[in-house]
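Open the model in a viewer and follow the stops below in order. Each stop says what to select and what is there.

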Amino acid sequence: MVIGTALGWGDYQTIVLAIVLAFFFGYSLTMLPLLRAGLALSAAIPLALASDTISIAVMEIVDNAIMLLIPGALGAGLTDVLFWGSLAVALVIAGAVAFPVNRWLIARGKGHAVVHEHYHGHAR
């Protein structure tokens, strides 16, 4: 959101950039410890995709929907309290919505439960 806003992009271009970067950095942050634990990139990529896709998608849907629903939020500049306040509220709500989704996934051995054993060298 910050990059698109700083560049003066429209709402939808900013949202697309935010979504692309969220998935890129979400997957990257999951893969780094896997790669450090010795997993090959070809093994780390599917694990990151399996563990993070639903969580990131939920976060992005909720976050971007809230930013679109708050009048003027995406049109506000980087020096505007409306932009930063809206972004903070959107991220807190998105995190609150994604939390039970992640717990549900972990309880079923999905999500980050899939990669957790690799972080600690206990892969089967």
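**Stop one: T14**

Select T14, which counts as buried because its relative accessibility is 2% (buried is under 20% relative accessible area, exposed over 50%, partly exposed in between, with a 1.4 Å probe and protein chains only). This is a predicted model, in which local features need pLDDT of at least 70 and side-chain atom pairs count only at pLDDT 80 or more, while totals for chains, interfaces and linings use all residues. Residues are numbered from 1 along each chain as its sequence is written, and side-chain values use heavy atoms, with hydrogens and water left out.

T14 lies in helix α2, residues 11-36 (helices are DSSP runs of H or I, at least four residues, numbered from the N terminus). Now show M1, G4, T5 and W9: T14 is in contact with these, neighbours within four places in sequence being left aside (contact means heavy atoms within 4.5 Å).

**Stop two: F24**

Stay in helix α2 and select F24. F24 counts as partly exposed because its relative accessibility is 49%.

**Stop three: the cores**

Select M1, M67, L74, F83 and L87, the residues with the most contacts inside the largest nonpolar core, which has 13 residues (a nonpolar core is a set of buried Ala, Val, Leu, Ile, Met, Phe, Trp, Tyr and Cys residues joined through side-chain atoms within 4.5 Å). Two or more residues each come from α2, α3 (41-69) and α4 (81-107). The largest share, four residues, is from α4.

Finish with F23, L34, L47 and V115, which are among the 10 residues of a second, separate core.
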